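Please read it with the sequence and the model side by side.

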Amino acid sequence: MKLILILLFSLFTGNLVAQSGVLTFKKKEIQLAGLKADDTPTTVTFQVKNTGKQPVLISKVIPMFPRMNADWDKSPVLPGKSAEIRISFTPQDLPEQFNYIVNVNSNAQNPREQLRISGNITDNPEKPTLLYKTDLSGVKFKTNNISFGKIFIQQVAKDTVYFYNTREKAVTVSTRYTPSHIKAEVYPQTVQPGERGMLVLTYDAVAKNDYGYIFDSVILKFDDDNSYNNRLTVTANIAEDFSKLSKKELENAPVVHFEKTAIEFGDLIQGEKANCDFTLENKGNTALIIRKTKASCGCTAVTLGETTVAPGQKTVIRTTFNSAGKSGRQYKSITVITNDPKTPETHLTISGNVKNKS
């Protein structure tokens with residue numbers, strides 16, 4: 001009897017699914033290659049048809065970019081009929097490269113669908129300054145933060161930053177300060193009013209000789225202005241390149257193993273210090289080298305036992321948290337960078353509570 005009821009229920013629900021509405025999109029992705037920067041709203045439209053047997057009510061359309069607005073036909077979409085989903089936005093609000101999901105919820109047989117809007121923003125000759133949002137003494141840059149992303153320690157990378165002269169007179173652009181591992185070249189050096197120039201940055205990771213996330217500054221000079229206010233931030237994540245290791249080298253590589261990666265230091269009175277010791281073991285077949293350790297806060301000091309750990313050996317990484325000037329719940333992280341090709345970075349955390357002095 002129970003089996004018969006299950007079969008009847010399956011037939012009934014299967015019939016309901018077969019009779020329900022189905023949303024069929026003409027296309028699920030709209031690509032906007034070379035979309036010109038503009039400060040007026042634009043709208044893209046997705047066409048959808050109900051190819052099922054019952055009406056479909058689209059209940060929500062949610063763009064994953066907060067500056068996009070959705071509008072759609074709120075009445076049920078009858079079988080065989082079509083509807084529109086309209087997504088509006090202002091192009092200048094988008095990053096130069098964009099790729100956003102639009103979630104569509106309904107009571108259709110396919111109740112959750114994902115649409116996509118992707119593309120890139122380009123200069124608009126009629127509105128040439130829209131993409132240049134960072135003003136440095138009347139010379140506008142697209143950004144004042146140049147990210148090289150991931151760079152290998154043996155690599156030399158280049159990036160180009162464009163700028164626009166909004167001054168009434170020509171301006172000569174040069175650099176007042178650049179770090180020794182960064183080369184900056186300006187083309188042309190003198191930029192006329194209403195004209196564009198470019199700054200080409202060359203990042204030499206070999207010369208930097210460091211690991212992890214690195215911040216640097218490049219200070220620009222416009223004409224004879226010797227101030228330090230016209231600053232660009234340059235970032236890079238310098239990593240070791242393990243792609244050239246042979247299969248045998250990978251099999252014999254060092255292996256990072258921490259007994260624990262999180263320590264709770266409990267309660268402290270403001271001004272007290274807490275020592276947290278992390279034990280690191282090399283479970284590989286060759287020497288493990290600690291390339292670098294970096295704490296998330298200046299209040300946390302890191303002391304290493306050994307920087308080179310032989311196979312099967314252990315070392316202790318001590319973190320000392322200084323609670324001076326702190327109050328309440330505390331979370332601090334420490335990044336440990338090694339030559340383990342499978343786990344080159346390990347993130348340790350310490351946490352606890354700091355009480356004010358009574």
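Four strands form an open sheet in the order 19-21-25-23, and their pairing is antiparallel. Strand 19 (256-258) and strand 23 (300-304) are the edge strands, each with a single partner strand, so one side of each has no neighbour in the sheet. Neighbouring strands of this sheet are turned by 25° against each other on average, with direction ignored; axes here are lines fitted to C-alpha atoms, and angles run from 0 to 180 degrees between N-to-C directions. Strands are DSSP runs of E with at least two residues, numbered from the N terminus, and two of them count as paired if DSSP finds at least two bridges between them.

Strand 19 pairs with strand 21 (residues 273-282) in the antiparallel sense over three bridges. Within the sheet, His 257 stands opposite Glu 281 of strand 21.

## Basis of the model

The model is predicted, so that local features need pLDDT of at least 70 and side-chain atom pairs count only at pLDDT 80 or more, while totals for chains, interfaces and linings use all residues. Residues are numbered from 1 along each chain as its sequence is written, and side-chain values use heavy atoms, with hydrogens and water left out.

## Salt bridges and their exposure

A salt bridge is counted where a side-chain nitrogen of Lys or Arg lies within 4 Å of a carboxyl oxygen of Asp or Glu, and by this rule there are 21 salt bridges. Exposure is given as relative accessible area, where buried means under 20%, exposed over 50%, and partly exposed in between (1.4 Å probe, protein chains only).

Glu 96 and Lys 142 meet through their side chains in a salt bridge (3.4 Å, N to O). This pair links distant parts of the chain, 46 residues apart, with Glu 96 in the loop between strand 6 (82-89) and strand 7 (97-106), and Lys 142 in the loop between strand 10 (139-141) and strand 11 (145-152). Glu 96 is partly exposed at 36% relative accessibility, whereas Lys 142 counts as buried at 17%. In another salt bridge, the closest N and O atoms of Asp 241 and Lys 244 are 3.1 Å apart; Asp 241 is buried at 15%, and Lys 244 is exposed at 71%.

## A linked network

Asp 71 and Lys 74 form a salt bridge (3.3 Å, N to O). Asp 71 is partly exposed at 36% relative accessible area, and Lys 74 is likewise partly exposed, at 49%. Both residues belong to a network of salt bridges that links Asp 71, Asp 73, Lys 74, Glu 84 and Arg 86.
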